[in-house]
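Here is a short briefing on aromatic rings and their neighbours. Look over the sequence and the structure first.

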Amino acid sequence: MSLRKDMAQLVHRTTDSHIRLAVTGLSRAGKTAFITSLVNQLLHSSSHDNLPLFSAARDHRLIGARRVPQTNLMVPRFSYDEAEASLYGVPPAWPEPTRDVSEIRLAIRYRPQKRTKRLLSSQATLYLDIIDYPGEWLLDLPLLELDFFAWSQQQMQALHGQRKAFAAEWLSALEALDLHAPADEQVMANIAKLYTDYLHRCKAEGLHWVQPGRFVLPGELAGAPVLQFFPVVSSLASEEVPSGSYLTLLQARYQEYQSKVVKRFYKQYFSTFDRQLVLVDCLSPLNAGFDSFMDMRSALEQLMHSFRYGRSGLLSRLFAPKIDKVVFAATKADHITPDQHTNLVSLLQQMVHPAWQHAAFENIDMSCISMASVRATQSGYIAVKDTQHPAIQGTLLTGEEQTLYPGDVPEKLPDPEYFEQHRFDFSEFRPLRSERDAPLAHIRLDKALDVLLGDKLR
Ligand SMILES: Nc1nc2c(ncn2[C@@H]2O[C@H](COP(=O)(O)OP(=O)(O)OP(=O)(O)O)[C@@H](O)[C@H]2O)c(=O)[nH]1
Ligand SMILES: [Mg+2]
């Protein structure tokens, strides 16, 4: 091989870079729609002017992107083709819900602006891994610091109001169980199922703080005994547990869950992430009511613990954390009129900032934005008498066309009165129709790209 070719290869290698971008959010937050649209936008970027707020595209430094095989063969592939097919379908439809971690890789070609990179070559490649995983898994972090009895106690204390009502069946089965009797695996499985049903019920009613997170989103662990335990009422300290009893087995499974499920996720996946996007659907809880909204807020606070490394923090003891940027994005902004977008961002900031400032987040940059990954509505005005009112228009899932003003988004955290006085009208729309060769319509997804990746493409 000629020296010149060698040099060219060396240069090529030094200008290539790699970044792992993780995308999370509670279920239905819009992760699959976001990743599909992000990939779709980048794949169209060489032929369309679809990303004006993305600095690399605006400055005409973005050459284009293509899909490349992922390097991590142990993680399922993100189903891009399937999701894209639904969104471009006739009629267009939303992608199927997903339940597990998955990954997709892109190679982004660009013209570097930085002198150091430019000297090496006129073009560079950024390899971008995008990882989709359920935000519920991050709610499990506190489990690592609680033993089975402390965790049980915490779960029992949380049982008030609606939660207590949802838990009735599981609680009565628990009451009938002699925890000191020799364990019967089938009985354990049955009660664990009632506990899991309770967690599912909480989620279905808009209560997002559920532990253990894998019980509702088991991924590949569905049906495994490590997901068959439940909290108990017991005054025994861990040393006094009779051997072979239900208590022993419950405790052993809890410990197995801590090390084989929670710790493993943080070590195998989380420790490899460079950047994190957290998608938040603020609009559904606004629609559902005060309890649901507060619950979403506390779930977000819990989720933030995973970015609080500190020097003595739990995560720094497990691995060397790498995430240097966390972006919170309020999704589905096309559900409200554009004049409400600033309120949506400030509402999200109110949920995130206080908790963020309170904690010691070392060297992590944080920002809040609002966007719609895949637009489902057009915005415009409707005339009522002589005045023009902002409105959105779209096709409902039922196929019916609708024009409406969905309501005001509160700028500050709403109090219970807000929910009495305001009705937020959150209707589900179909995605807008897109031409086969055109990118999907979005709102500020380019802004999200710029905040997340802009500095890597300089
Ligand atoms: N209008 C609008 N709706 C959206 C948008 N993104 C997501 N949605 C809605 O939210 C639902 C959930 O979106 P997904 O992308 O599947 O959310 P997810 O976080 O991947 O959900 P799971 O896989 O169930 O955890 C969709 O079926 C749509 O109804 C958006 O940009 N605009
Ligand atoms: Mg999904």
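Tyrosine 195 counts as buried, because its relative accessibility is 0% and the cut-off is under 20%. Tryptophan 170 is buried as well, at a relative accessible area of 2%. The model is predicted.

**Ring pairs in the model**

- The structure holds 26 aromatic pairs.
- In one of them, the rings of tryptophan 137 and phenylalanine 265 have centres 5.5 Å apart.
- Their planes stand at 80°, so this pair is edge-to-face.
- Tryptophan 137 sits in the loop between strand E4 (124–132) and helix H6 (148–157).
- Phenylalanine 265 belongs to helix H11 (residues 246–268).
- The pair links distant parts of the chain, 128 residues apart.
- Both tryptophan 137 and phenylalanine 265 are buried.

**Tryptophan 170 and tyrosine 195**

- Tryptophan 170 and tyrosine 195 form a tilted aromatic pair.
- The distance is 4.8 Å centre to centre, with 55° between the planes.
- Tryptophan 170 lies in helix H8 (residues 168–175), and tyrosine 195 lies in helix H9 (residues 185–204), so the pair ties together parts that are 25 residues apart in sequence.

**A cluster of rings**

- Ring pairs link Trp170 and Tyr195 into a cluster with Phe148, Phe149, Trp151, Tyr198, Phe215, Phe229, Tyr254 and Tyr257.

**Arginines over rings**

- Arginine 214 lies over the face of tryptophan 137, 3.4 Å from the ring centre.
- Arginine 436 lies over the face of tyrosine 88, at 4.6 Å from the ring centre.

Note on methods. Residues are numbered from 1 along each chain as its sequence is written. Chains are lettered from A and ligands numbered from 1 in the order in which they are written. This is a predicted model: local features need pLDDT of at least 70, side-chain atom pairs count only at pLDDT 80 or more; totals for chains, interfaces and linings use all residues. Side-chain values use heavy atoms; hydrogens and water are left out. Rings of Phe, Tyr and Trp (its six-membered ring) pair if their centres lie within 6.5 Å; planes under 30 degrees apart count as stacked, over 60 as edge-to-face and the rest as tilted. Helices (H or I, at least four residues) and strands (E, at least two) are DSSP runs, numbered from the N terminus. Buried means under 20% relative accessible area, exposed over 50%, partly exposed in between (1.4 Å probe, protein chains only). A charge sits over a ring if NZ of Lys or CZ of Arg is within 6 Å of the ring centre and within 35 degrees of the ring normal.
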